[in-house]
Amino acid sequence: MRLFVDSANLEEIRTAASWGILSGVTTNPTLLAKEDPTVDIRQRLKEIHAIVGGHISIEVVSTDTAGMLREAEEIVSWLPEAVIKIPMTPEGMAAVRELARQGIPTNVTLVFSPAQALIAANAGARFISVFLGRLDDIGADGLQVLGTVCEIWERQGLEAEIIAASLRHPMHLVEAARLGADIATAPFRVLQQAMKHPLTESGLHSFLADYHRLQEAQARARQVPLVL
Ligand code: E4P
């Protein structure tokens, strides 16, 4: 399972990219709205892509098919590698079909059920983002939905790649991998948490302390004059 970061924050993206674990980035209008409004959005997205390389999903904000297609055309004119993120609506599916015909990859977003995932696959989506955390937030079971999607994909041999999205904690990552998601897109905080374990921290602390003790002992040993 590949890892994307779900962020539009340059500092977070730079840091996560420096760890060498990223295969891409997903953004959405909410993530972009959290950032400095004086920075040109196009510039920011180009910079993000320059940092991470690989996949970058950029979401349209039109709600009609023609508007989505116009936006997609505009986005690929300045970032040809962009994957166009399209909402799971009838208008969105028509846009996905047309973009697939033009060879432009899409990521269908806001998918909350296996039925929606199947619809998106039939429209020709290259990626489908199944939201886990937002389902959990309303008392549903995001991982159960993802599990059903992955089971259907396996049984039917479907090609669209499944992205586990809207992650809230490292267990979402682990379970998404166990269930068979192709990709997980995680907030920076979840990636940070996933890397940590208290036993790693205490283990490292004691290894370093022991090494310093060893160095001190060796220094002392070198100072002791040899008595013949
Ligand atoms: C997916 O691509 C979305 O950007 C994202 O995962 C949304 O997650 P949220 O529920 O944390 O907003």
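**Ligand site and pockets**

A polar side-chain atom of Asp6 lies 2.7 Å from an oxygen atom of the ligand. The model is predicted: local features need pLDDT of at least 70, side-chain atom pairs count only at pLDDT 80 or more, and totals for chains, interfaces and linings use all residues. Residues are numbered from 1 along each chain as its sequence is written, and side-chain values use heavy atoms, with hydrogens and water left out.

Asn28 also places a polar side-chain atom 2.7 Å from a ligand oxygen. For Arg134, the distance from a polar side-chain atom to an oxygen atom of the ligand is 2.7 Å. The protein covers 86% of the 350 Å² of accessible area that the ligand has on its own (Shrake-Rupley method, 1.4 Å probe). Asp6, Asn28 and Arg134 are among the residues around the ligand (a heavy atom within 4 Å). Thr26, Lys85, Phe131, Ala165, Ser166 and Arg168 also belong to this shell. By class, the shell has two nonpolar, three polar and four charged residues. Ala, Val, Leu, Ile, Met, Phe, Trp, Tyr, Cys and Pro count as nonpolar, Asp, Glu, Lys and Arg as charged, and the others, Gly among them, as polar.

The ligand takes the space of the largest pocket. A pocket is an open set of points on a 1 Å grid over the protein atoms alone, where a 1.4 Å probe fits, with protein on both sides within 12 Å along at least five of seven lines; lining residues have an atom within 4 Å of a point. A molecule sits in a pocket if more than half of its atoms lie within 2 Å of its grid points.

The largest pocket has a volume of about 370 Å³ (the space filled by probe spheres set on the points). It is lined by 23 residues, and Asp6, Asn28, Leu31, Lys34 and Pro187 are the closest to its centre. Helix H2 (29-33) and strand S6 (127-131) each give two or more residues to this lining. Six lining residues are nonpolar, nine polar and eight charged.

The second largest pocket has a volume of about 220 Å³. Its lining holds 14 residues, with Leu32, Ile41, Leu45, Ile58 and Glu59 nearest its centre. H4 gives the largest share, four residues. By class, this lining has eight nonpolar, two polar and four charged residues.

Notes: Polar contact = N/O pair within 3.5 Å; in protein donor to acceptor, adjacent residues only side chain to side chain.
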